[in-house]
Amino acid sequence: RKTKFQLGAIKTTKYSEEDIKTAISKLSKLGGGFRTVQVGTSTMIVSVPTELDQDHMQIMELAHDSGGSISIQQVQQVMPGWQTDRCQRALDLLLTQGMAWQDIHKGQTLYWFPSIWRESQAVEDT
C-alpha cells in the first residue's frame, strides 16, 4: 500500500540565501530570537532569544576561521588584550545557549561550534 507521500512526484525547490534571510526577518517580528548574523564569510541563523554581543561574534568568527573549533588560548593569541575570564564569559553564554559544545581531551579544552564545523566539512567535501 502506498502512502500519500509516495504517490506524488518528488519536487525539489531551490531557495536562495535572500529568500531565507527574508523568511527569518519575518519570523523575527514574532519574537523568539530568530535572526541572521554574519560570521566571517558565512551568514548564520540564530534561533536563541539571547542577545549576542561583539565578544560572542568575534569568538564565533575565530572559530569559523579555524574550521569550527577554538580554545581560550587561541582566542588570546589573536585577541591579545583578552583575559581568560573575558573569553570564558563569552564562551559560557554560547555553551548555555547550545551554540557551542565543550570538549576536554587530555587536559586540552576545545569549544566546537557545530553549525560552523558542519559548514567547513561541507566545503571540504565539495
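Here is a short briefing on the fold, core, sheets and surface of this chain.

The model is predicted, so local features need pLDDT of at least 70 and side-chain atom pairs count only at pLDDT 80 or more, while totals for chains, interfaces and linings use all residues. Residues are numbered from 1 along each chain as its sequence is written, and side-chain values use heavy atoms, with hydrogens and water left out. The chain holds six helices and five strands, where helices (H or I, at least four residues) and strands (E, at least two) are DSSP runs numbered from the N terminus.

**Overall layout**
- Along the sequence, the elements follow the pattern α-α-β-β-α-β-α-α-β-β-α.
- The chain has 126 residues, of which 29% are buried; buried means under 20% relative accessible area, exposed means over 50%, and partly exposed lies in between (1.4 Å probe, protein chains only).
- Among the contacts with a separation of 6 or more, 40% join residues 24 or more positions apart; a contact here means heavy atoms within 4.5 Å.

**The nonpolar core**
- The largest nonpolar core has 24 residues, and those touching the most other members are Ile59, Met60, Ile70, Val75, Leu94 and Phe113. Such a core is a set of buried Ala, Val, Leu, Ile, Met, Phe, Trp, Tyr and Cys residues joined through side-chain atoms within 4.5 Å.
- At least two residues of this core come from each of β1 (34-39), β2 (42-47), α3 (54-65), α4 (72-78) and α5 (84-96).
- Helix α3 gives the most, with five residues.
- Met60 is in contact with Val37, Val39, Met44, Leu52, Leu94, Met99, Phe113 and Ile116, leaving aside neighbours within four places in sequence.

- Strands β1 and β2 pair in the antiparallel sense over six bridges; two strands count as paired if DSSP finds at least two bridges between them.
- One of the bridges links Thr36 to Ile45 in β2.
- Two residues lie between the strands of this hairpin, and Gly40 takes a positive phi near 60 degrees.

**The three-stranded sheet**
- An open sheet has the order β3-β5-β4, with antiparallel pairing.
- Its edge strands are β3 (69-70) and β4 (101-105), each pairing on one side only.
- Two bridges join β3 to β5 (residues 108-112), and Ile70 has Tyr111 as its bridge partner in β5.
- Ser69 sits in strand β3 and is buried, with a relative accessible area of 11%.
- Leaving out residues up to four places away in sequence, Ser69 touches Ala63, Gln74, Leu110, Tyr111 and Trp112.

**At the surface**
- Tyr15, Ile20, Leu27, Leu30, Phe34 and Ile45 make a nonpolar surface patch of about 610 Å². Patches are made of residues with over 30% relative accessible area and no salt bridge, joining like charges within 9 Å and nonpolar side chains (Val, Leu, Ile, Met, Phe, Trp, Tyr) within 5 Å; a salt bridge is a side-chain nitrogen of Lys or Arg within 4 Å of a carboxyl oxygen of Asp or Glu.
- Phe34 belongs to strand β1 and counts as partly exposed at 30% relative accessibility.
- Glu51 lies in the loop between β2 and α3 and counts as exposed at 63% relative accessibility.
- Leaving aside neighbours within four places in sequence, Glu51 is in contact with Arg35 and His56.
- Glu51 and Gly33 are 18 residues apart along the chain, with their C-alpha atoms separated by 8.2 Å.

Note on methods: Areas by Shrake-Rupley, 256 points an atom, 1.4 Å probe, with all protein chains shown as cover.
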